[in-house]
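User: I'd like to go through this structure with you. Can we start with the core?

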Amino acid sequence: MLILNRTETLPNGKTVLLSIESGFYSLLAPIRSVERKSAFLAITNASGELVYTTYADGSGTGIPDILAGKQNRHYRSMSKSMSQGWNVHIIIPEHVYIQDFYQSLADILVSVLIIAAFVALIAVYFWRSVYSPLRLFDRQLELLLSDENNNTQMHSSIPEYDHLLHKIVLMQRQIKEMIRQIIQQEKTNTKIQIEKLRAQINPHFLLNTLNTVHWMALMNGQDDIDTITQSLSHLLSYNLDKESVTTNLDKELGALTEYIQLQKVRYDFRFRIDKPAENDLNYPCPKFLLQPLVENALAHGYQPGMEILVRIQVDDSIHLTVSDTGTGMEAEVLARINSLYPPSMPSSDQSSAGTKDDIPQFGIGLAYVMNSLHAFYADRFYFHIQSLENKSLENRGTIVTIDFPKLKGNGYHVKNTDC
């Protein structure tokens, strides 16, 4: 225990003694720590006189010389001044000081090596988990933008990155497939353009030839040949009109009349048109809406002396029927066609309605009519077929019914209902 006593005089003239005691164990702990290093403590007052020491001989006779630096070859001292005016000195043997110094250097070096190894491990981790996969992504993107084919599967040893790399490979294959399809489509379009140019040349030659036949027939008094030639020429001119794929009901009936004139050369049948005034027929409609229906009646239901009737009624909408007194259709065929083309077909049901190629025996005529109706009227039309086979002459035959709205556009009938 260390006890410090000090006498002080109060303002009233009385004298008091101040005493401060340190704890024994708290004072002993630093002394034991210094002794473990073969060092000792020394305390001096403000005048530099030795007050206390743990030096081995207890006298402390050599301490002033050590503090004065006269024995620095054997000892090193470290001092700290206190606010109370006394100083605390730690005196360490030279060899212990040097040993601790190099031990501290070794500890620092080991710490630096450990930190360097830790930083290196972090760098390797980030290189493998970030930089290396990014290089693979960069390489894969270069392949995506180039024409090079690479079938080698890249791996980054990280499942998430491998999944993304696999997606990039799939995207690359899809893009190349799309490019291949586009190139193929361009080749096809080029071929189609060439065919269209050829088609523009040949029909004009045919029309000029028909015109020559027309004048030759007139000069030789061949009225039947002249009539047929004129009908064929008018029908071809109507077909070759490339200005638009639309027409109106009046022009469509005119083209159908020319077609009937040609067919009467081959077939024995009667033909009638029941229609309103011409002003009520100035409504837009797709081209060749009627000809395929009449052609089907002749090709699949013909019998000598049959009658074909085309009836058009106009009120809030347009009602069109093509009926014949031919042989009719088999019930199985009729059911199949009506199942493929139900009377009312919303767009959501089109996929379940079948395909045009499924229609038996009718070729592309009926498919063309349905495609034209869908393209022109969307789903705002009605289509249905009725047919009786092998019945009495008065009842058998086929009736095709089509209802569609009155449209305004393309310069047709400005007074009609705007749908």
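Analyst: The largest nonpolar core has 45 residues, and Val 294, Leu 373, Phe 383, Ile 402 and Phe 404 touch the most other members. A nonpolar core here is a set of buried Ala, Val, Leu, Ile, Met, Phe, Trp, Tyr and Cys residues joined through side-chain atoms within 4.5 Å. Buried means under 20% relative accessible area, exposed over 50%, partly exposed in between, with a 1.4 Å probe and protein chains only.

User: Which helix gives the largest share of this core?

Analyst: Helix H6, residues 249-263, with seven residues. Helices (H or I, at least four residues) and strands (E, at least two) are DSSP runs, numbered from the N terminus. Another core, of six residues, lies apart from the largest one, and its members include Phe 40, Ala 42, Ile 66 and Tyr 75.

User: What should I know about the model itself?

Analyst: This is a predicted model: local features need pLDDT of at least 70, side-chain atom pairs count only at pLDDT 80 or more, and totals for chains, interfaces and linings use all residues. Residues are numbered from 1 along each chain as its sequence is written, and side-chain values use heavy atoms, with hydrogens and water left out.

User: Back to Ala 42. What is its bridge partner in S6?

Analyst: His 89. Strand S3 (residues 40-44) and strand S6 (residues 87-93) pair in the antiparallel sense over five bridges. Two strands pair if DSSP finds at least two bridges between them.

User: What order do the strands of that open sheet take?

Analyst: S4-S3-S6-S5, four strands with antiparallel pairing. Strand S4 (50-53) and strand S5 (75-81) are the edges, each pairing on one side only.

User: New topic. Which residues of helix H8 are buried?

Analyst: In H8 (residues 331-340), Val 333, Leu 334, Ile 337, Asn 338 and Leu 340 are buried. Seen down the axis of H8, they fall within an arc of 160°, so they line one face of the helix. That arc is taken from the directions from the helix axis to the C-beta atoms. Ala 331 and Glu 332, on the other side of H8, are exposed.

User: What do the buried residues of H8 pack against?

Analyst: Helix H9 (365-377) and strand S12 (382-388). Contact means heavy atoms within 4.5 Å.

User: Last one: where does Phe 288 sit?

Analyst: In the loop between strand S9 (284-286) and helix H7 (291-301). Phi of Phe 288 is near 55°, a positive value in a residue other than glycine. Most residues other than glycine have a negative phi. Phe 288 counts as buried, at 18% relative accessibility.
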